[in-house]
Amino acid sequence: MIGASISRWTMSYFAMAIAWLFVALALMVAGVGFPAADVAAPDTLVLAHVVCIGWLSLAMCGALFQFVPVLVAKPLFSEKSALPALGLLTAGLASLLAGFLALGGRLPAWLWLLPLGAVLLIAGFGLIVVDLGLTVWLRPVGPARFVLVGLASLCVTVAFGAVFAFALVGWAGSTGQSLLAGGVPLHAIAGLGGWLTLTAMGVSYRLLSMFMLSPDVDDRKSGTTLMAGALAIAVTVVGGVLAVELFAGLDVVLSIAAVLGLATAALYGRDVFAIFRARKRRQLELNTRMAMLSFASLAGTALLGAALVVTGDFAAHVGAFAFLAVFGWLSGLVLAKLYKIVAFLTWLETYGPVMGRTPTPRVQDLVAERRASKWFVIYYAGVWTGTLLLLVGQPWGFRAAAMAMTAGVIGIVREVIRTRQLADVANPLRLPGGVRAPHLLFARN
Amino acid sequence: MTEYIDVDVRPILRAGGEPFSVIMAALERLEAGQGLRLYATFKPIPLFAVMADRGFMHSERALDGGEWEVLFTPTEATENAAAPSGTPSFDNWPEPAVTLDNRDLDPPEPMVRILAAAEKLGPGETLSALLRREPVFLFPQLEKRGYRWLGGFTPDGATYELTVRAPS
């Protein structure tokens with residue numbers, strides 16, 4: 001097949017990701033993990049990995065299976081690895097979480113669950129990295145280069161995580177123990193900064209310019225942004241591992257990485273601003289308006305981080321900083337784009353075969369933006385209030401903010417399911433002759 | 001003078017596809033004495049032997065950007081073959097019956113309009129469309145409906161020119 005066909009399992013990834021997001025929200029509402037527990041406590045590890053692997057990584061992988069072929073105008077290297085990878089990642093995450101619960105004494109001391117989870121996650125992410133990596137490798141142009149760096153960062157993140165998992169059961173030797181003692185920030189930066197942030201940036205370049213009728217960002221400009229980001233990750237990983245092994249502090253390495261990270265955010269802001277300014281479509285769609293709130297959250301994260309470093313409070317408030325990065329910037333962007341991607345793919349899958357032969361609805365007819373926008377507003381209000389309440393040390397107030405976020409996400413997910421079910425399409429156009437309603441959880445391509 | 005039928009497999013190769021079946025299908029459709037003008041993103045050396053077996057001589061010419069134009073000429077016609085010059089590409093495709101400028105339409109409206117216009121073409125007729133982007137989601141739909149297409153970016157990269165031909 002030439003061009004890009006509909007990815008069969010993208011909806012399955014999205015569904016599983018959303019299920020994990022609800023688990024994370026439930027944990028925060030219930031007060032499990034940070035801020036009720038320490039940032040390094042086993043309960044916080046459960047929460048962090050539910051969010052970063054279950055929600056963000058699965059949603060990102062589902063989106064990449066669909067959009068990497070669009071970015072490189074080539075079909076996926078293999079269609080066969082997506083579903084096995086989803087199974088391996090789900091099993092691996094479940095095993096890892098059970099291992100953390102065992103570590104915290106909530107389950108019997110079955111610590112072998114940690115390395116088992118790590119091995120399953122390596123297998124699942126490995127399948128995805130090989131499939132997407134080989135697809136991009138043959139034509140690494142424009143935003144696709146971000147995906148390559150993102151996938152490399154994913155490998156680094158998983159490698160760190162696996163060393164930690166083996167070290168926690170004492171199977172990783174003294175090198176593993178010293179990495180476990182000092183290397184956790186490196187794991188977090190490679191995952192949140194390298195894999196999730198750089199990949200989200202790359203995909204957003206194309207999605208934004210596509211939906212706003214704007215020319216693509218010049219490859220040299222986006223290349224500078226990517227270079228700064230890749231350098232930040234490389235300094236963190238290489239410098240960080242050296243520092244940990246030499247028992248030097250991480251301060252110098254993390255300071256350099258922070259400056260490079262700030263530069264990356266600023267350069268990305270410049271690129272996104274240029275896309276908005278050159279756009280032909282004046283009226284912005286909901287997904288773009290909500291993505292702007294996510295960009296504001298990224299800017300807020302950068303400013304908050306800089307301010308906390310200047311006042312010397314970064315270590316005390318690293319939780320609030322990570323919360324804003326994860327829920328304001330990354331989750332906000334994923335939710336906004338999910339809303340649009342599901343509508344577009346559902347429209348293409350349902351009406352593509354009869355398009356031009358019979359009247360079909362427009363993509364906009366599948367969504368009710370006015371109704372959906374209030375849920376996004378509630379979500380973001382919850383995230384920003386939650387960040388403030390973390391900064392001022394109000395764990396109970398934070399749980400109320402998490403409740404508001406949950407309400408927002410329930411509303412958004414309900415809208416997405418209605419889109420998938422074509423519930424808002426008026427009846428003569430909804431299912432014209434020869435058209436079948438799509439399945440909720442996968443594409444019949 | 002030999003008449004050449006154009007086959008441009010560059011879009012297929014760029015998309016990572018397999019062009020051999022398209023070339024062979026074009027070969028089947030040739031009438032006696034007709035030749036094949038092939039555009040490819042590399043010099044298709046393996047094809048030369050295959051075509052020689054079928055009674056075609058080849059002569060190739062390098063184009064800009066590492067691309068190649070290859071003329072396959074039936075051996076019995078070589079004595080009369082004139083130098084291939086000035087023949088416009090796609091000369092076996094009729095002038096477009098419809099021309100669309102879809103550059104300023106919100107996505108996915110360009111795709112909707114191309115499919116709607118394509119459905120109205122008569123057998124073998126063509127339409128041409130200007131777009132901002134390579135219509136990657138359109139290609140599978142065209143393929144399923146039996147349409148052929150040729151497309152590529154203008155040298156400045158700002159416009160994608162697409163020609164679609166209805167099944168004859």
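A:Tyr380 and A:Trp384 are separated by about one helical turn, because the two residues lie 4 apart in helix α12 (residues 369–391) of chain A. Helices here are DSSP runs of H or I with at least four residues, strands are runs of E with at least two, and both are numbered from the N terminus. The model is predicted: local features need pLDDT of at least 70 and side-chain atom pairs count only at pLDDT 80 or more, while totals for chains, interfaces and linings use all residues. Residues are numbered from 1 along each chain as its sequence is written, chains are lettered from A and ligands numbered from 1 in the order in which they are written, and side-chain values use heavy atoms, with hydrogens and water left out.

Over all chains the structure holds 19 aromatic pairs. One of them is A:Tyr380 with A:Trp384: the ring centres are 5.6 Å apart and the planes stand at 45°, so the pair is tilted. Rings of Phe, Tyr and Trp (its six-membered ring) pair if their centres lie within 6.5 Å; planes under 30 degrees apart count as stacked, over 60 as edge-to-face and the rest as tilted.

Chain B is assigned domain 1 (4–80) and domain 2 (98–165), with bounds from an automatic or database domain assignment. Taken over C-alpha atoms, the centres of these two domains of chain B are 24 Å apart.

The next topic is the interface. Chain B brings 25 residues to the contact and chain A brings 30 residues, where contact means heavy atoms within 4.5 Å. Between them the chains bury about 2500 Å², 64% of it on carbon and sulfur atoms. Buried area is the accessible area (1.4 Å probe) that two parts lose on being put together, summed over both. B:Ala15, B:Arg133 and B:Phe137 supply 26% of the area that chain B buries against chain A, more than any other three residues.

The rule finds 3 salt bridges across this interface, each a side-chain nitrogen of Lys or Arg within 4 Å of a carboxyl oxygen of Asp or Glu. In one salt bridge, the side chains of B:Arg133 and A:Asp216 meet at 3.1 Å, N to O. On the side of chain B that touches chain A, the elements giving two or more residues are α1 (10–14), α4 (109–119) and α5 (138–144) of chain B. Of that side, α4(B) gives the most, with 5 residues.

| Bond | Omega |
|---|---|
| A:Phe34 to A:Pro35, cis | about 5° |
| B:Pro107 to B:Pro108, cis | about 5° |

A:Pro35 has its place in the loop between α1 (10–30) and α2 (42–72) of chain A, and B:Pro108 in the loop between β5 (98–101) and α4 of chain B.
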